[in-house]
Amino acid sequence: MRNAEVKPMRVADNNALVGLLTKARLEEKKDQHLAFSVRLATLSIHAQKKEYSSVEIIELLRKESERFENSAREIIA
């Protein structure tokens with residue numbers, strides 16, 4: 001492809017772009033933490049209503065941990 005013309009790209013303000021990306025990452029992290037907190041609260045309410053034993057609560061947490069692990073694997077893949 002000898003006829004391809006390469007033009008340099010100009011970014012008005014590199015710091016502004018980095019700032020936007022940083023803000024987006026922080027917002028995503030905040031949303032993830034909130035979702036995790038809500039999920040833990042839901043599990044604890046469920047366990048309390050069902051009057052789960054400590055063994056049942058541990059099993060509930062183990063299954064939830066597996067769910068998060070599988071979700072993380074899907075994101076990486």
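How many residues apart in helix α2 are Glu 69 and Arg 73? Glu 69 and Arg 73 are 4 residues apart, so about one helical turn separates them. The two side chains form a salt bridge (a side-chain nitrogen of Lys or Arg within 4 Å of a carboxyl oxygen of Asp or Glu), with the closest N and O atoms 2.7 Å apart. Arg 73 is exposed, with a relative accessible area of 51%, whereas Glu 69 is partly exposed at 40%. In these terms, buried means under 20% relative accessible area, exposed over 50%, and partly exposed in between (1.4 Å probe, protein chains only).

The model is predicted: local features need pLDDT of at least 70, side-chain atom pairs count only at pLDDT 80 or more, and totals for chains, interfaces and linings use all residues. Residues are numbered from 1 along each chain as its sequence is written, and side-chain values use heavy atoms, with hydrogens and water left out.

The secondary structure of the protein chain consists of 2 helices and 0 strands; helices (H or I, at least four residues) and strands (E, at least two) are DSSP runs, numbered from the N terminus. Of the 77 residues, 5% count as buried.

In total, 5 salt bridges are counted. Arg 62 takes part in a salt bridge with Glu 59 (2.4 Å, N to O) and in another with Glu 66, where the closest N and O atoms are 2.3 Å apart. Glu 59 lies 3 residues from Arg 62 in helix α2, and Glu 66 lies 4 residues from Arg 62 in that helix. Arg 62 is partly exposed, at 37% relative accessibility; Glu 66 is also partly exposed, at 38%.

A nonpolar patch on the surface is formed by Phe 36, Leu 40, Ile 57, Leu 61 and Phe 68, with about 400 Å² of accessible area together. Patches are made of residues with over 30% relative accessible area and no salt bridge; like charges are joined within 9 Å, and nonpolar side chains (Val, Leu, Ile, Met, Phe, Trp, Tyr) within 5 Å. Accessible areas come from the Shrake-Rupley method with a 1.4 Å probe, and for residues only the protein chains shown count as cover. Helices α1 (14-49) and α2 (54-76) each supply at least two residues of the patch, and α2 gives the most, with 3 residues. Phe 36 is found in helix α1 and is partly exposed, at 39% relative accessibility.
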